[in-house]
Structures are given as C-alpha cells and as structure tokens.
Amino acid sequence: MLFRSQRTLKETANQTDPDASRLTRMHERCTGLAPRPEELSLLREALSAFRQRFKAAPEDASKLITVGDAPIDSSIDAPELASWTMMASSIFNLYRTTTQE
C-alpha cells in the first residue's frame with residue numbers, strides 16, 4: 001500500500017482539485033472504474049478523517065509507514081503519506097475490488 005500511496009502523491013495532479021484527481025486515479029487503478037460522485041464524496045471524507053487523525057498523532061503515522069520493506073520517500077510528509085496509505089488500503093478492500101467466486 002505504501003508504494004501505491006507514494007506513487008499517487010508523486011504524480012502530477014489536477015491543480016484545481018488535486019485530492020479529487022488523485023482519489024479518482026487511485027480508484028480507477030484498483031477497480032477499473034471511475035468513482036461515482038457519491039463515492040468520490042465518501043472518499044474525500046475518509047481522506048479528511050485520516051489526515052486529522054495522523055496530524056494529531058504523527059508518531060502513529062511514522063509507525064504505519066515503516067511497516068514492511070518498501071522504501072519511504074522522505075520528501076513526503078509522514079501524516080500525509082499515512083493518510084494516503086490508508087486510502088489505498090480502503091480502496092483495495094472495496095467489494096468491487098475484490099475477486100468474488
């Protein structure tokens with residue numbers, strides 16, 4: 001998840017609304033579909049909640065992004081990277097992302 005979140009943050013986003021641009025791109029990569037407007041709204045709310053949580057507890061953000069072996073891009077703020085890592089995890093866990101038999 002860390003790699004996907006770092007990749008998303010490093011890409012050029014629509015400067016008018018970079019969060020929407022990045023959330024849409026991440027959703028499309030994971031599901032093959034653009035999020036519907038109501039889904040994008042929910043994704044924005046989740047991102048905002050993760051940002052508040054990790055800005056209030058930066059040590060938790062650092063702990064989260066150091067799990068695993070992926071190299072960490074030190075140019076990205078730890079709370080921001082942790083927030084996007086949680087978004088990647090959330091999108092990967094959507095019902096439409098998982099394979100159903």
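Predicted model: local features only at pLDDT ≥ 70, side-chain atom pairs only at ≥ 80, totals over all residues.

Residues are numbered from 1 along each chain as its sequence is written, and side-chain values use heavy atoms, with hydrogens and water left out.

So, what are the elements here? The protein has five helices and zero strands, and from the N terminus the order reads α-α-α-α-α. Helices (H or I, at least four residues) and strands (E, at least two) are DSSP runs, numbered from the N terminus.

Of the 101 residues, 40% count as buried. Buried means under 20% relative accessible area, exposed means over 50%, and partly exposed lies in between, with a 1.4 Å probe and protein chains only. The accessible surface comes to about 6,100 Å², and 53% of that belongs to carbon and sulfur atoms; these areas come from the Shrake-Rupley method with a 1.4 Å probe. Taking contacts between residues at least 6 apart in sequence, 60% join residues at least 24 apart, where contact means heavy atoms within 4.5 Å.

Now for the packing. Two packed helices are described by the angle between their axes and the distance between the axes. The axes are lines fitted to C-alpha atoms, for helices over the stretch in contact, and angles run from 0 to 180 degrees between N-to-C directions.

Let's take α3 (residues 37–56) and α5 (residues 78–92). Their axes come within 8 Å and cross at roughly 140 degrees, so α3 and α5 are oblique to each other. For the labels, under 35 degrees is roughly parallel, over 145 roughly antiparallel, 65 to 115 roughly perpendicular, and the rest oblique. Residues of α3 in this contact include Leu43, Leu47, Phe50 and Phe54, and those of α5 include Trp84, Met86, Met87 and Ile91. By class, the contact of α3 with α5 has eleven nonpolar, two polar and three charged residues. Here Ala, Val, Leu, Ile, Met, Phe, Trp, Tyr, Cys and Pro count as nonpolar, Asp, Glu, Lys and Arg as charged, and the others, Gly among them, as polar.

Next comes α2 (residues 18–31), which packs on α5 at about 40 degrees, with the axes 10 Å apart. Asp19, Arg22, Leu23, Met26, His27 and Cys30 of α2 meet Trp84, Met87, Ala88, Ile91 and Phe92 of α5. That contact has eight nonpolar, one polar and two charged residues.

And how do α2 and α3 cross? Their axes come within 10 Å, at roughly 110 degrees, which makes α2 roughly perpendicular to α3. On the α2 side we have Asp19, Ala20, Leu23, Thr24 and His27, and among their partners in α3 are Leu40, Leu43 and Arg51.

That brings me to Arg51: buried or exposed? Arg51 sits in α3 and counts as buried, because its relative accessibility is 18%. Beyond its neighbours within four places in sequence, Arg51 is in contact with Asp19, Glu80, Ser83 and Trp84.

My last stop is Glu59, in helix α4 (residues 58–65). Glu59 counts as partly exposed, because its relative accessibility is 46%. Its C-alpha atom is 8.7 Å from that of Pro79, 20 residues apart along the chain.
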